[in-house]
Amino acid sequence: VKNNSTERSENSSITTTSNSTSVKKVVTNLTYSPTMWWKNPQRPCNSKDDIIHWNEPGESWGGGFCKEFIGGPFDKTSVVCNPLSNRITCYGSKYNKKIGTCTITQIAVKPSKLYDAIRNQKVMHSQSSWLVQQQQHLTNHPCSKPNFNDIETYMEPGDYIRPFVKMSALEVPKGQCNVWLKGTTFFYMGMENHIYFRFLGWYNLHRTLLAHYNDLQNFTIVRIPEGNNTFLFPEYEQKLFPGVVRLQDFDENIVCFEKLVLVPWAYAATPFRCKMDGAALRQKCSTCDGHGIENDLKSFRRRVVSACSLTDNDSVKKNKKTKVIVIKRKQYNRRIGDVPKVFPRVWQNSDEVVERIQSEFPNANVTGIYAEDLSLCDQVALAHDTDVLIGMHGAGLVHLWWLQKHAVIVELIPRSQRGNAAFITLAKLLGIKHKGFTQVLEKKTIVNVNVNLLLKDLSS
């Protein structure tokens with residue numbers, strides 16, 4: 001499948017290797033192998049042999065919360081259908097009731113109907129998926145006596161997984177499969193606009209692939225929509241996960257999947273839950289220092305960096321100018337999935353900050369940027385190559401993920417965000433040095449930094 005897209009956005013048209021508007025001819029043969037995708041050693045590969053390419057030898061968290069919640073698989077298992085059936089199995093965490101995933105075997109989906117239902121947030125009653133009736137049980141419903149107690153408890157209410165599983169379990173089988181997709185298929189929700197949640201969604205996909213390593217002899221990744229907005233950076237997605245197919249690219253009436261894994265959406269990512277779900281969880285997460293620890297956050301970082309053809313070189317060269325990047329901030333609106341209100345926080349004196357830092361530190365190379373004006377790889381590359389990353393609390397600070405070991409993130413924190421531990425938590429889990437600066441004056445929609453105090457802090 002080839003998407004007609006640019007790096008900034010994509011449209012709905014597709015072509016195939018046969019120049020047909022149908023993907024039916026190619027979708028049944030979607031497998032991932034080094035001969036298909038591993039064209040460049042710098043480029044990620046979606047084959048079983050290369051999934052573990054992103055892991056490196058190193059110490060892991062010894063046990064307890066850090067290993068089980070941050071670095072380990074889900075520890076709570078729930079069978080949705082009758083106890084003797086494995087048609088729908090879901091997994092959650094004993095530490096958090098908003099994180100979960102499910103695996104479904106032999107399921108039928110109406111792609112166009114499900115696509116519209118997800119975009120309009122009306123999955124439950126859309127009649128767009130059901131369990132395939134097995135020949136030996138033609139007189140019985142495929143999911144007798146479904147039990148939804150655990151998924152009601154351990155799934156985020158807004159996640160697509162909960163209504164999709166309930167619908168699939170309850171719906172009466174109907175229609176014949178137009179095509180069977182063999183092996184394991186991963187459904188993941190591509191976050192359309194918000195860069196912080198877009199990377200968290202990709203991280204969850206990366207982590208799920210690692211967890212299902214033994215299922216990857218033959219697998220497919222399908223991106224399902226978040227809402228009605230245009231998905232940005234589809235070409236970069238292909239660099240991260242070559243061969244991703246969009247749900248709307250299936251034109252068959254009914255597609256049946258041998259095994260379907262539902263990847264948790266971005267809001268179920270552990271770094272986000274660490275900052276969202278109370279002081280007790282934040283405190284536990286703060287004990288998980290990633291310095292010198294190998295974990296999925298770091299292996300995902302290597303995947304992202306490599307997708308932009310970058311390599312780490314963490315040695316600090318003599319006489320090299322310190323590189324400082326200041327991420328400036330424009331007004332923006334939060335997207336579907338967030339609280340529906342405007343966050344018009346504008347950093348008014350960002351240009352002054354850039355000029356004063358350059359004046360105070362003449363031997364440094366100081367640059368101010370609006371990250372949204374750059375391609376995604378340019379954004380990643382700037383962060384990857386910098387020594388000091390400075391920015392107002394906000395989505396753009398997700399780029400601290402790509403910093404090298406010696407670098408520092410300086411987070412400018414307005415009063416209204418002092419309890420928001422999103423980026424200090426992410427930095428801690430990665431083993432990156434974080435410096436919080438709270439002398440930020442916030443007046444309605446405008447924020448200004450106390451430049452003199454910031455320079456004093458930077459000097460120290």
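The torsion about the S-S bond of Cys66 and Cys288 is about -95 degrees, so this disulfide (a pair of cysteine sulfur atoms within 2.5 Å) is left-handed. Cys66 lies in helix α4 (residues 64-70) and Cys288 in the loop between α11 (278-286) and α12 (296-307), so the bond ties together parts 222 residues apart in sequence. Helices (H or I, at least four residues) and strands (E, at least two) are DSSP runs, numbered from the N terminus. The model is predicted: local features need pLDDT of at least 70, side-chain atom pairs count only at pLDDT 80 or more, and totals for chains, interfaces and linings use all residues. Residues are numbered from 1 along each chain as its sequence is written, and side-chain values use heavy atoms, without hydrogens and water.

The whole structure holds six disulfides. Cys177 and Cys256 form one of them, with sulfur atoms 1.9 Å apart. Cys177 sits in the loop between α7 (161-170) and β7 (179-189), and Cys256 in strand β10, 79 residues apart. Cys177 is partly exposed at 28% relative accessible area, whereas Cys256 is buried at 0%. Buried means under 20%, exposed over 50%, and partly exposed in between (1.4 Å probe, protein chains only).

Leu262 also belongs to β10 (residues 255-262). Leu262 is buried, at 0% relative accessibility. Its C-alpha atom is 6.3 Å from that of Thr103, 159 residues away along the chain. Beyond neighbours within four places in sequence, contacts of Leu262 (heavy atoms within 4.5 Å) include Tyr160, Phe164 and Phe187.
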